[in-house]
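Please read it alongside the sequence and coordinates shown here.

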Amino acid sequence: MAIARFGRQVKRSYQSYGFFVKLSAVIILGLCFVFVWSVFSNFSVTSQRDTFDDIAAPVSLSSEKVSNVQIHSNNKEPKKDQESDKNGSKSRLEEKNKKKIDGSLPLKPKKKPENVKSKAKKKSGVENSKLSKEENHENGGSEEQEVIKEREEDESEDLDNDGNVNDEKEGDVDLINPEDLDQEVVEEDNVGSRNTKKEKRLGPLFDPKAQYSWKLCNTRSKHNYIPCIDNESALGRLQSYRHHERSCPKSPFECLVSLPRDGYSTPVHWPESKVKILYKNVAHPKLAAFIKTQDWVVESGEYLTFPQNQSVYKGGIQHYLESVEEMVPDIEWGKNIRIVLDIGCKDSSFSASLLEKDVFTLTLGLKDNLVDLAQVALERGFPAVVSPFANRRLPFPSGVFDAIHCGECSISWHSNGGKLILEMNRILRPGGYFILSTKHNSIEAEEALLTLTASICWNIMADKTDEVSDIGVKIYQKPETNDLYRMRRKKIPPLCKENENPDAAWYIPLKTCLHTIPEAIEQRGTEWPSEWPKRLHTFPDWMNNRDKLIAETKHWRSIVNNSYLVGMGIDWSTIRNVIDMKAVNGGFAAALSDKNVWVMNVVPTHAADTLPIIFERGLVGVYHDWCESFGSYPRSYDLLHADHLFSRLKNRCKQPIVIVVEMDRLLRPGGWAIIRDKVEILNPLEGILRSLHWEIRMTFAQDKEGIVCAQKTMWRP
C-alpha cells in the first residue's frame, strides 16, 4: 500500500508540475539554438564586411601638382590571401601607352598583396594618401589615366555625425572627393550598421550573367513619353491625358522610347539653336496647330525659326524687361538677380534675353497642355524642367530663387486656399521678387489676389499696365524679416510649426502655413548672395566645412580641364544641355561655368541635402529619386554625368535596370555619358550599354574603381 500511495503522489506531482518542466526544457533548448545561431551569424557578417566595398567610405585626394591628369584616390582594405600578379602588372604597364579613344580597356582591377603594417597605419589615421600621375600624349592629344588607390578606413572612422570628413585625417594639401560630402541620410542611418552590412551581402547592382532584350514603348505619347507625367492608363481620356500630379507607372519602365515619326537628326548646335531648330525633332500634332496662330515662331522648311524682334509680348521682350527695371530700380538683372524661375513656358524669349544679362532662368513646364513648348525650349538649349503644379511642392528647397516670373499668367493663385502662392513664398528668397503679368484679369480674381498677398505680407512694389504691350504688371517683394508676420492682426495663414522642414519637397503636399524667415547670421537666407560671378566661389558662414567645398571645386576643375575636355574625344562644341545625375555641391557644374553649357544638378532624395548650396552658388538643380523617371522630355540632354550614382543607389531600386533605361530616354542620339563607379558595377553596366548599341569610347579601371565614356547611337529595336 505504501508503494501504491507513493505512486499516486508522483502522478499528482507530475500532473501539477509537468507543464512547467516541459516549458523550461523548451526555453533552455531555444536559448542554446539562439546562441549557436548568433555565433555563426556574426562570423558571416564580419566576413562579408571584409569582402565587399563600403559604399559610403570617403575618398581623400591630394592636390600636389595636379597637371594633365585627373587624380581620384579611393583606398580600400586589401583582401586577404591575395598575391601580386606580375603578369597582370606587366600587361597593364603596356596598356598605358595604348590609345583609348574609340576603344576600351577591360574593367579589371589590379590585385594588391596584403600589407599588415600598412593596414595598421591606415586604421590609426596616420598614413596619408599618395599621388601618382600618368600622362599619355599620342597624336598630339592628352589622355586620362586615373590612379586610384585602395583604402581601408571604415565609414565610422572617417565620417562624423554630420556626414563630413573628420578634420584630423586631412592634410593641408588634400583634395576631397565629392563623395566625401555625400552621405546617405535616410535609410542607412536609420536602420543601423547591422542592416547596412546585410544590404551589402546582395552583391553587385547588376547581374553580370543577365541577358537583355529591348522593345519600344507602346504608349499614346509615343516619342514624347514622360512616364511619371503622361497618363497612359486604359481609362485615360484626352482631357486627362496628362497627370495633374506626378504619378509613375506601377510596372517598371523598361521599354525604349521611339524616335519621332519622321526621323531624328542631329540638333542644331548652340548658339545657332537660339534662332532655329529642326522641326521634326520636336514634332507634335498640337504644336503644328499652335504655330499657325503665333508670330514669334515661323515654320521655314525643315526648321522652326524664332525672329529676334518677335515675342509673345507686344513691343518685344527687351521693352518688357526694361519696363520691369523702371518700375522697380532695385531689380538689376545679372547683378542682384541671378537665379529666376519662369512659371509656364511661352516662347523662351524671357530666358534668352536674360541669359545675355548673366541671369540663369529655369523654365518650369507645367505640362498642362498638349503644345509641349518646354520641349522646344530644351531643343533650343534653354534650361527647363517639367513638373505638374497642383497639390504637391515643387522639387526645390526653400528660399533659393532671387525672382519668380509668371508671364501672361493664367494660374488661379487664389484658389485652393492660396496654396500655390504659399509655395511661391516658400521657394522665394527673403527679399526676392514675384513678377506677375496678366491680361484683362477679372475683378474678383484681382481682389482675391490682393487679399492673399497682403495676408502673407508681400509688399506690392509696382502695379502698372504697360501702354505698348497692354499687359498689367504687378511686382511683389517677400519680406526680409519676421516682424511683419508678428504684426498681423489675423494670423491667417498661420506660421508653420518649428519641426516643419521647409526644404522637404519630394512628394510633400502643399502647406497652408508660412515658414518663418531665417534671422540668425549662421542661417541660410539672412544675407543676399554676392553678385555673379563672385557668387560662384563665395562660401557664406552657414556653409559648413568651407575648406572642403573649395577643395572639391579645385578637384572637379582639374578633372574637367585635364580629362573631360581633352581626354575623351568629346566634341564640346556639340554639348549644350548637361545633367549631373548625382551632384554634391555643384563642383562639376562650377568647373563648366565658363563654357557654353548649362548643367542641371540633381541631388538624389536619399542623399545629403546639398541643393541649397548649389543654388547659393548661382547654379540650379532639383531633387529626384532615380528609381523613378525624371521630369523631362526624351532626348533632352547632350551629356549625362554620373559619379558613383549606381553604387549609392545599391539596394534601393527594385529593378536597377530602369536607371539605364531612363538614361537612354533622356540622352539625345549622338549624346555622351560619363560614368564613374566601382568596377563590379561598371563591368555588367558596360554590357548593358552595348546591348543598347551604345558605343563604348573609353574605359579605364584601377584598384576596383573605373570610368566609362559611352556615346548613344540612333539604334532603336
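Five disulfides are present in the structure, which is a predicted model. Counting bonded cysteines along the chain, their pattern is 1-4, 2-3, 5-6, 7-8, 9-10. There are also ten cavities of 30 Å³ or more.

**Disulfides**

- Cys406 and Cys409 are joined with an S to S distance of 1.8 Å, and the link is right-handed, with 70° about the S-S bond.
- Cys406 has 2% relative accessibility and counts as buried; Cys409 is buried as well, at 11%.
- The sulfur atoms of Cys496 and Cys513 lie 2.0 Å apart in a disulfide. The two cysteines are 17 residues apart, both in the loop between helix H12 (483–487) and helix H13 (546–564).
- The Cys496 and Cys513 link is right-handed, with 95° about the S-S bond, and both residues are buried.
- Cys627 is bonded to Cys653 (S to S 2.0 Å). Cys627 sits in the loop between E17 and strand E18 (637–643), and Cys653 in the loop between helix H16 (645–648) and helix H17 (657–666).
- The torsion about the S-S bond of Cys627 and Cys653 is about -85°, so this disulfide is left-handed.
- Cys627 is partly exposed, with a relative accessible area of 24%, whereas Cys653 is buried at 9%.

**Largest cavity**

- The largest cavity holds about 230 Å³ of space. It is lined by 18 residues, and those closest to its centre are Arg246, Ser387, Arg393, Pro395 and Trp506.
- The lining comprises eleven nonpolar, three polar and four charged residues.
- Strands E10 (384–386) and E17 (620–624) each supply at least two lining residues; E17 gives the most, with three.

Technical notes:
Residues are numbered from 1 along each chain as its sequence is written. This is a predicted model: local features need pLDDT of at least 70, side-chain atom pairs count only at pLDDT 80 or more; totals for chains, interfaces and linings use all residues. Side-chain values use heavy atoms; hydrogens and water are left out. On a 1 Å grid over the protein atoms alone, a cavity is a set of points where a 1.4 Å probe fits but cannot get out, and a pocket is an open set with protein on both sides within 12 Å along at least five of seven lines; lining residues have an atom within 4 Å of a point. Grid points are joined across faces, edges and corners, and a volume is the space filled by probe spheres set on the points. Helices (H or I, at least four residues) and strands (E, at least two) are DSSP runs, numbered from the N terminus. Ala, Val, Leu, Ile, Met, Phe, Trp, Tyr, Cys and Pro count as nonpolar, Asp, Glu, Lys and Arg as charged, and the others, Gly among them, as polar. A disulfide is a pair of cysteine sulfur atoms within 2.5 Å. Buried means under 20% relative accessible area, exposed over 50%, partly exposed in between (1.4 Å probe, protein chains only).
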